[in-house]
There are 2 protein chains.
Amino acid sequence: LAEVQTARPTASADQLADGVLRGERRALGRLMSAVENGRTDARATLKRLYAHTGRAHVVGITGPPGSGKSTLTTGVAAEYRRRERTVGIVAVDPSSPFTGGAILGDRVRMMELHGDPGVFVRSMATRGTLGGLARTTTDLVLLLAAFGKDVVLVETVGVGQDEVEIAHSADTTLVVGVPGLGDDIQTIKAGVLEIADILVVNKADLDGAQRVVGDLRGMVRLAPGPLDDGWSVPIHETVATTDSGVAALVDRIEHHRAFLERSARSHGRRAENARRQVHAIVQARLAERFAEVVSGPAWTTRFGAVAERTQDPYTLAEKILASRALLPD
Amino acid sequence: LAEVQTARPTASADQLADGVLRGERRALGRLMSAVENGRTDARATLKRLYAHTGRAHVVGITGPPGSGKSTLTTGVAAEYRRRERTVGIVAVDPSSPFTGGAILGDRVRMMELHGDPGVFVRSMATRGTLGGLARTTTDLVLLLAAFGKDVVLVETVGVGQDEVEIAHSADTTLVVGVPGLGDDIQTIKAGVLEIADILVVNKADLDGAQRVVGDLRGMVRLAPGPLDDGWSVPIHETVATTDSGVAALVDRIEHHRAFLERSARSHGRRAENARRQVHAIVQARLAERFAEVVSGPAWTTRFGAVAERTQDPYTLAEKILASRALLPD
């Protein structure tokens, strides 16, 4: 009955949050939508839900396109379920209205997870969330943690600013590489060492896999781990399509979790992640305020002047800052 | 003699800016470094240099790893040189201290460009510029434009927040796809339509290229172009390694440039880009200020409380905003 009530169209965000804490799936889904849509009352509930999020272990899974991350994420989720841990998944973005989403094999595996009450999967469209993708993702992870999931997997595509920000709100970050993606893979690897707790070489049965492993091993030797906290970044091989190496990968994630719990420096790492999170929230609020401040025809004229090079954007930015209009009254 | 003087270690940022306007390569390189390092006096010169940037056509080239963007960028640059246009290139990030950079073939081609006084190539490390990558890239593009380059090519890896921001400061954005990158390519395509002025299918001689072209054609039909401004996004095939289709691609870029010049809506587009640019500058300044404000042991304790879940990050963010400490006095 409670679930029916919280699922009413008129349920307030606070009622939905109560439902989330009681473990009601429909309330969770609806509160997620409200947060994604930027509803102020929904976002206000995050404050009190935050206190309930300490138990979940958040695992970021990122890497370049074509690395088989979706399959790997599904495999890791299934392995956690075999270990009787509940799992939340935020996938940024496996499907869009245009493409019809993931390939069939992954869909079938995902469907199995969908039928499992111990799993909650949420896909996020990247369309329309520009400017706030990482922020919204972090909020959805928070909701899954407050919902009581033991493990939350966050799957992102690529390694850019968003992924780095998401990685900073994860406890353990997996970066997935793969043989044969050509020259640009080098570039990705360079940025990756900053965020990886575990490097995964997927499709390890393909030609060139050992070369990728060897390259990564050399790089890991040269560079310290993310926070130079005594964790030595392992390089782990998987073939996600056959589940080869996936159980051992979950062992490694658990090993890292245990490391974080006993590490004297893990408190510092978590505080640093908290700092980044606060900054991201501040930045998102200021971005909203900026959009309000610069609306209207007078501003259109000013921006037109910048486009025509009769005004420079730096001076205009300084004027906006000096006007103090960005801050709440 | 003038060049020798501006190249003195003691040259001020203003002197370097003068050198840039006189077309001195060493002054340009040094001012770029100063801007990358966040030197305040260097950034102050951007205000006056901005007035000199209207002539350059800025072309963003982005796409997933393995799509052969570097080779394509080099080919486009060489074609512009054949047309006697000067070219600046900002490459984000072809090389890192760990990887040794691009594959040999590209290096050789790049070296040819390096020997050409009509070309100026700047590589940006992505390491250490987190939080300001797009901002710094835009500033380097500005410097190349002020230096007098007819065309500035900006090559970025992936399609994330940074690339979207960089695209918004470009006049023409090329998004490069490629056959055979697996399921994640779908995801990228969805985000890509928002920023692409020209879709390029590189490695068009590979199996599956026609399927990618067909998929993209379907998507372009369903979705409007970036600003619904009457431009219909073409899908262009290239084989960058053999220069096949590259000259025709430059024709398309020039076609888009001409379109922008005669389009009634291009003024609106440029004003919108200016708005985004001002926002990016505001955001970068606020991020610097944030870092100053939250330093010190009291803040470490507060962030520790967030990590321990005794304080929530949303309330802390609101306190920082309410304190007005982020704004200049």
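## A buried aspartate in chain B

At 0% relative accessibility, B:D197 counts as buried, a label given to residues under 20% relative accessible area, with exposed meaning over 50% and partly exposed the range in between (1.4 Å probe, protein chains only). B:D197 sits in the loop that runs between α9 (184-192) and β6 (198-201) of chain B, where helices (H or I, at least four residues) and strands (E, at least two) are DSSP runs numbered from the N terminus.

## Basis of the description

This is a predicted model, in which local features need pLDDT of at least 70 and side-chain atom pairs count only at pLDDT 80 or more, while totals for chains, interfaces and linings use all residues. Residues are numbered from 1 along each chain as its sequence is written, chains are lettered from A and ligands numbered from 1 in the order in which they are written, and side-chain values use heavy atoms, with hydrogens and water left out.

## Chain A as a whole

The secondary structure of chain A comes to 14 helices and 7 strands, and buried residues make up 58% of its 329 residues. Taking contacts in chain A with a separation of 6 or more, 75% are between residues 24 or more positions apart, contact meaning heavy atoms within 4.5 Å.

## Two helix pairs

Two packed helices are described by the angle between their axes and the distance between the axes. Here the axes are lines fitted to C-alpha atoms, for helices over the stretch in contact, and angles run from 0 to 180 degrees between N-to-C directions. In chain A, the axes of helix α2 (residues 13-21) and helix α3 (residues 25-36) come within 8 Å and cross at roughly 135 degrees. That makes α2(A) oblique to α3(A), since angles under 35 degrees count as roughly parallel, over 145 as roughly antiparallel, 65 to 115 as roughly perpendicular and the rest as oblique. The crossing of α2(A) and α3(A) is left-handed, which applies if the near helix is turned anticlockwise from the far one by less than a right angle, right-handed being the clockwise case. A:A13, A:L16, A:A17, A:G19 and A:V20 in α2(A) meet A:A27, A:L28, A:R30 and A:L31 in α3(A).

In chain B, the axes of helix α3 (residues 25-36) and helix α7 (residues 133-146) come within 10 Å and cross at roughly 160 degrees, and α3(B) and α7(B) are therefore roughly antiparallel to each other. Their crossing is right-handed. On the α3(B) side, B:L28, B:L31, B:M32, B:V35 and B:E36 meet B:T136, B:D139, B:L140, B:L143 and B:L144 in α7(B).

## Positive phi in two loops of chain A

A:E84 has a positive phi of about 60 degrees although it is not a glycine. The residue lies in the loop between α5 (69-82) and β2 (87-92) of chain A, and A:E84 is exposed, with a relative accessible area of 69%.

A:D243, also a residue other than glycine, has a positive phi near 65 degrees. A:D243 belongs to the loop between β7 (235-237) and α11 (246-262) of chain A, and at 32% relative accessibility A:D243 counts as partly exposed.

## A buried arginine in chain B

B:R257 lies in helix α11 (residues 246-262) of chain B and is buried, with a relative accessible area of 15%. Leaving aside neighbours within four places in sequence, B:R257 is in contact with B:R55, B:H57, B:R85 and B:D150.
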